[in-house]
Amino acid sequence: MAEKPSPSPLAGFVAELDLHVRARYPLLYLSTWEEQRLDEILARLAESHGKDLVTWSITRGLRGHAAHGGPIEGPKDPAQALTAVAALVNPSLVVFKDFHPYLGDPTVVRALRELSQQLKSGYTTLILVSPVVNIPTELEKDVVVLDVPLPSTHDLGVLLRDIVRVVREGKRATVELTSDTVEPLLKAALGLTLCEAENAFAKAIAQDQKLAPDDVSVILDEKRQVIRKSGLLEFCSGDESLATVGGLENLKTWLRRRANAFGDKARAFGLPAPKGLLLLGVQGCGKSLTAKAIAAAWQLPLLRLDMGRIFSGLVGSSEENMRRATRVAESVAPAVLWVDELEKGLAGIGGSADSDAGVSARVFGSFLTWLQEKTAPVFVVATANKIDSLPPELLRKGRFDEIFFIDLPSDSERRQIFAIQLARYKREPQRFDLATLSKLAADFSGAEIEQAIVAALFSAYADGVDLAESHLREALGETLPLAVTMKEDIDRLREWARTRTRAASGE
Ligand SMILES: Nc1ncnc2c1ncn2[C@@H]1O[C@H](COP(=O)(O)OP(=O)(O)OP(=O)(O)O)[C@@H](O)[C@H]1O
Ligand SMILES: [Mg+2]
């Protein structure tokens with residue numbers, strides 16, 4: 001079961017950790033769900049630096065073993081435990097597990113600051129390990145946060161090899177994997193913690209007493225669960241394709257040109273992986289539709305990032321949420337990350353008295369940095385229909401590959417949209433005079449055309465007849481398009497977009 005050892009993010013993390021310890025950073029914060037995996041790493045690190053390893057948890061208090069001396073024992077109480085750390089004689093790595101609940105206590109925070117000052121002149125490093133990163137403002141300048149990477153395919157391969165060995169020895173199940181078929185299985189498990197991956201593999205075996213190539217679907221299901229539980233990202237699936245998007249020829253050409261840009265072949269050719277698109281435009285003209293169609297056209301999984309959730313405060317801090325979301329997206333890569341209604345996340349930025357402004361600006365800043373620096377092939381499709389809240393740095397080169405403006409559909413585009421939508425509602429477009437319908441729908445958005453068709457279907461159904469052109473004419477006549485009621489807004493949007501964006505529609 002040999003697979004190529006990929007450059008391990010874990011090795012990078014261990015090196016970074018080592019560097020920080022050597023450089024005598026007093027206070028490190030490691031964010032991970034995988035305490036066990038980290039325990040081994042920290043034990044090795046302590047040994048290689050010749051330091052004592054001391055750990056603290058609320059249930060066990062301070063424990064350790066001094067190299068020249070006996071066992072170390074200290075208090076469970078968080079503030080007292082910190083005082084005990086200050087009194088340690090030997091250079092140590094001190095690991096505090098799940099300390100985040102106590103960071104709400106001013107006494108503890110103060111004790112940490114003082115300890116951090118003191119440790120700067122010594123050889124002891126305090127390491128906080130927790131799945132939640134929530135750092136009080138007072139400590140922000142003292143703490144360095146490091147993300148523990150999720151297992152790589154190599155790590156997962158080691159795990160799977162162990163599982164296969166146990167299964168074979170116990171003869172409780174058969175393993176039908178070759179070195180070729182194991183790779184997709186490991187790729188599917190990327191993004192899971194070791195513990196989650198173990199459960200996923202176990203489940204795949206338990207279902208039919210064998211581990212076979214088709215178990216990829218079981219693993220992917222598990223991963224969907226995990227992503228759903230995180231509450232920030234949503235796996236979307238749909239039957240959209242570029243063919244279900246009417247018009248927008250420039251945009252579609254751009255996309256078609258990049259259809260195969262995510263494979264190894266494209267890398268070998270020297271192409272950079274596409275970074276992402278910003279789709280700006282009038283409401284109901286197909287921004288969300290296009291985002292879904294891109295994933296389908298490129299056959300990549302589609303993850304929807306809910307900006308509202310990031311800031312909801314229901315799950316974790318906003319900053320931590322954003323980091324987690326981007327990490328999970330990277331673990332699923334290559335993938336399309338759809339950030340719908342980006343402006344929702346930007347509300348508050350630039351707002352002066354708003355106490356949330358600082359948080360939104362920071363979260364947004366980290367999102368921008370990620371956009372610019374990400375190396376994993378995650379194609380970001382961000383959509384927005386308000387320009388007022390878009391900060392200029394978003395539009396700077398290097399963030400997105402391109403910014404497209406999606407305007408109200410032109411006459412020929414409306415004809416296409418009628419054809420697409422009629423077919424979608426099980427009617428033959430050829431039976432209708434699309435040119436006339438399109439004229440009647442001047443200034444309509446795609447969404448309004450769809451709604452008119454639905455309204456027409458309802459009245460036909462109520463009349464007990466099939467859909468006729470008269471129903472459509474009537475429904476179109478009854479609609480007052482948004483373009484009329486919001487004319488000024490749309491004009492302003494167009495004017496703004498003229499110099500800053502590319503038109504999604506062809507001439
Ligand atoms: N160009 C189009 N081609 C085909 N259908 C379209 C098009 N534009 C809009 N529609 C129809 O209208 C629906 C709504 O469009 P969509 O959700 O993509 O709009 P949006 O631009 O994301 O609007 P909002 O700014 O309100 O989010 C689509 O699901 C689709 O049925
Ligand atoms: Mg939308």
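The legends below describe several views of a predicted model of one protein chain with a ligand.

**A note on conventions.** Residues are numbered from 1 along each chain as its sequence is written, while chains are lettered from A and ligands numbered from 1 in the order in which they are written. Because the model is predicted, local features need pLDDT of at least 70 and side-chain atom pairs count only at pLDDT 80 or more, whereas totals for chains, interfaces and linings use all residues, and side-chain values use heavy atoms, with hydrogens and water left out.

View 1. The chain is divided into domain 1 (9-147), domain 2 (153-227), domain 3 (236-406) and domain 4 (411-485), with bounds that come from an automatic or database domain assignment. Where domain 1 meets domain 3, the contact (heavy atoms within 4.5 Å) takes seven residues from domain 1 and five residues from domain 3. The C-alpha centres of domain 1 and domain 3 lie 36 Å apart. The chain holds 22 helices and 16 strands, which are DSSP runs numbered from the N terminus, of type H or I and at least four residues for helices, and of type E and at least two for strands. Its C-alpha atoms fill a box of roughly 95 × 65 × 50 Å along the principal axes, and 47% of its 507 residues count as buried, a term that means under 20% relative accessible area, with exposed meaning over 50% and partly exposed in between (1.4 Å probe, protein chains only).

**View 2. The shell around ligand 1.** The ligand is surrounded by 18 residues, among them Gly-284, Lys-287, Ser-288, Asn-385 and Glu-450, which are the closest; a residue is counted as near if one of its heavy atoms lies within 4 Å. The shell divides into five nonpolar, nine polar and four charged residues, where Ala, Val, Leu, Ile, Met, Phe, Trp, Tyr, Cys and Pro count as nonpolar, Asp, Glu, Lys and Arg as charged, and the others, Gly among them, as polar. Helices α11 (287-298), α17 (411-424) and α19 (446-463) each supply at least two residues of this shell. Domain 3 and domain 4 both give residues to the shell, so ligand 1 lies between them.

**View 3. Polar side chains at ligand 1.** A polar side-chain atom of Asn-385 is placed 2.6 Å from an oxygen atom of the ligand, and a polar side-chain atom of Glu-450 is likewise 2.6 Å from an oxygen atom of ligand 1. For Lys-287, the distance from a polar side-chain atom to an oxygen atom of the ligand is 2.8 Å. On its own, ligand 1 has 630 Å² of accessible area, of which the protein covers 84%, as computed by the Shrake-Rupley method with a 1.4 Å probe.

**View 4. Thr-290 in helix α11.** Thr-290 lies in helix α11 and counts as buried, at 2% relative accessibility. Leaving aside residues up to four places away in sequence, Thr-290 touches Val-245, Leu-248, Leu-251, Leu-255 and Leu-279.

View 5. Asp-162 belongs to helix α5 (residues 153-170) and is partly exposed, with a relative accessible area of 38%. From C-alpha to C-alpha, Asp-162 and Trp-298 are 35 Å apart in space, and they are 136 residues apart in sequence. Lys-439, in helix α18 (residues 434-440), is exposed, with a relative accessible area of 56%.

Conventions: A polar contact is a pair of N or O atoms within 3.5 Å; within protein, one must be able to donate a hydrogen and the other to accept it, and residues adjacent in sequence count only if both atoms are side-chain atoms.
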